[in-house]
Structures are given as C-alpha cells and as structure tokens.
Amino acid sequence: MTASPKSGWTCWLWLLAGAGLVAVSFLFDARVDAALDVTQNPALKNFAWWCSKLGEGEIVGGAGILFAAIFFFLNRPRLAAEIFFIAAASLLTGLAGTILRVLIGRTRPEGHGPAGVPQGFYGIWHDGHWIIGKAAYSSFPSGHAAVAVGFAAAAWLMHRSWGAVALVYALAVMWSRVALQWHHLSDVLASALVALPLAILLKKALYPSVEFQFNNFHRASKKK
C-alpha cells in the first residue's frame with residue numbers, strides 16, 4: 001500500500017516548517033543559552049547532568065535489550081519486539097545526529113568550545129587541521145537530543161501513552177544539553193528535525209522485521 005500524494009505533501013510541509021523553526025532559533029541561541037545556564041547552580045547542574053546521562057545511547061540501548069529480554073522470557077514476544085524497536089530506533093536516530101554533527105563541525109557554546117575560535121560552522125577541516133570527531137566542534141545537532149527524541153517518537157508510534165511519558169524524558173534531555181552549556185537551542189531543535197522523520201521511516205522499514213523475528217524466536221523456543 002503506497003502513501004497518498006496528500007500525505008507526502010503533508011510530510012514535506014512539516015519538514016519545511018521544522019527547518020524554518022530551526023533557522024529562526026539561531027537568532028535566539030545566545031539569549032536562550034544564557035537563560036537556561038545552570039552551571040553556576042550546583043543542585044540544578046547535578047540534576048541536569050543526570051538528565052543528560054539518560055540521553056546516552058549506551059544507557060538507552062542497554063535498557064532496551066534488558067527489558068526486551070525480560071518480556072520475551074515472560075512470553076510477551078510482541079511487547080519485547082516493541083521495546084527492542086524503540087531502543088533500536090533511538091540508537092539509529094542518535095547515530096544519524098552524531099554523524100551530522102561530526103561533519104558539520106559547529107562550535108559548542110562558550111566554555112565548551114575551542115579557545116580563541118569564533119562561534120560558527122567549520123566542517124571537518126579548520127586552520128590546517130582535521131577537526132572531524134573533536135568534541136569542541138561537534139555541537140549541531142545534539143546526539144543526546146537525537147537519541148531522546150528518537151526514543152519518544154518511536155514510543156509514540158507504538159503506544160500513545162508510552163509516547164506521552166517519553167516526551168517528558170526527551171524534553172528533559174534537550175533542556176539538560178542547553179542548561180549544561182554543551183549545546184545551543186538550535187542544536188537540540190535540529191535533533192528533533194532529524195529524529196522525528198527518521199523514526200517514522202524506521203517504523204515502516206524496521207519494525208515489521210523486528211516483530212516477525214521475535215515471534216519466530218518465541219515459536220522456536222517453545223518447540224520441544
């Protein structure tokens with residue numbers, strides 16, 4: 001079954017609107033970065049650190065594998081497949097965000113960026129040196145935020161109630177990355193622009209295979 005032309009146009013309109021929002025957000029980066037800065041407040045900084053930690057791919061992936069295995073052995077293969085898919089989609093959207101930020105080479109906010117280098121986008125080469133993979137030039141988009149938004153989007157596509165809870169988690173991770181001054185507002189918004197459509201594509205392309213395979217494993221495990 002193919003998507004209707006109307007739904008295709010709707011997707012493109014949403015993407016264009018998202019791109020426009022990210023473009024506008026560049027104008028507010030400095031003010032929002034300063035307003036959300038918690039680096040001088042020990043209690044809020046510690047809370048933000050934990051929120052940020054929960055946006056790391058290995059945390060999400062490890063938890064996804066653990067809970068998928070638990071529900072699989074509890075004879076809930078479909079639920080296990082859904083959990084596994086959400087974790088996998090989260091990791092893949094995070095990977096997409098990480099690849100982009102490494103190639104784009106935007107400097108991180110003041111304090112975490114390279115000393116003496118103006119804020120900007122530098123690609124993979126600057127001042128006669130490769131900067132690909134250097135953390136100080138890996139701000140746009142946020143990998144943590146891409147993981148969290150991908151997780152929330154995939155959870156929403158599985159179950160609306162899961163998605164509502166996961167949205168709170170995603171917003172907390174996005175806030176923490178700006179609050180800790182590791183990213184700009186536009187960085188975390190760009191992550192959402194990357195993660196949302198990718199999660200939708202993965203639901204169509206990946207989830208049927210994941211569900212099929214989990215059901216196969218379950219049937220095989222029941223054979224004597």
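Predicted model: local features only at pLDDT ≥ 70, side-chain atom pairs only at ≥ 80, totals over all residues.
Student: Why is serine 176 called buried?

Tutor: Serine 176 has a relative accessible area of 0%. Buried means under 20%, so serine 176 is classed as buried.

Student: Where is serine 176 found, and which residues is it in contact with, leaving aside neighbours within four places in sequence?

Tutor: Serine 176 belongs to helix α7. With those neighbours set aside, serine 176 is in contact with Ala48, Cys51 and Ser52. Contact here requires heavy atoms within 4.5 Å.

Student: What makes a set of residues a nonpolar core, and how many residues has the largest one?

Tutor: The members must be buried residues of the listed nonpolar kinds, joined through side-chain atoms within 4.5 Å. The largest such core has 31 residues, and those with the most contacts inside it are Phe85, Ile86, Val149, Tyr169 and Phe214. At least two residues of this core come from each of α4, α5, α6, α7, α8 and α9 (207-222). The largest share, eight residues, is supplied by α6.

Student: Which residues does valine 149 touch, not counting those up to four places away in sequence?

Tutor: Valine 149 touches Ala170, Met174, Ala192, Ala195 and Leu196 on that count.

Student: Which class accounts for most of the lining of the largest pocket?

Tutor: The lining has 25 nonpolar, five polar and two charged residues. Nonpolar residues therefore make up most of the lining, with Ala, Val and Leu among the kinds counted as nonpolar.

Student: What is the volume of the largest pocket, and which residues are closest to its centre?

Tutor: The volume is about 1100 Å³. Of the 32 lining residues, Trp14, Ala192, Leu196, Pro197 and Ile200 are the closest to the centre. Two or more lining residues come from each of α1 (5-25), α6 (143-158), α7 (160-179) and α8 (185-205). The largest share, eleven residues, comes from α1.

Student: How many charged residues are in the lining of the second largest pocket?

Tutor: The count is 15 nonpolar, one polar and no charged residues.

Definitions and conventions:
Residues numbered from 1 in each chain as written. Heavy atoms only, no water. 1 Å grid on protein atoms, 1.4 Å probe; cavity = no way out; pocket = protein on both sides within 12 Å on 5 of 7 lines; lining within 4 Å. Points joined across faces, edges and corners; volume = space filled by probe spheres on them. Helix = DSSP H or I, 4+ residues; strand = E, 2+ residues; numbered from the N terminus. Buried < 20%, exposed > 50% of the residue type's maximum accessible area, 1.4 Å probe, protein only.
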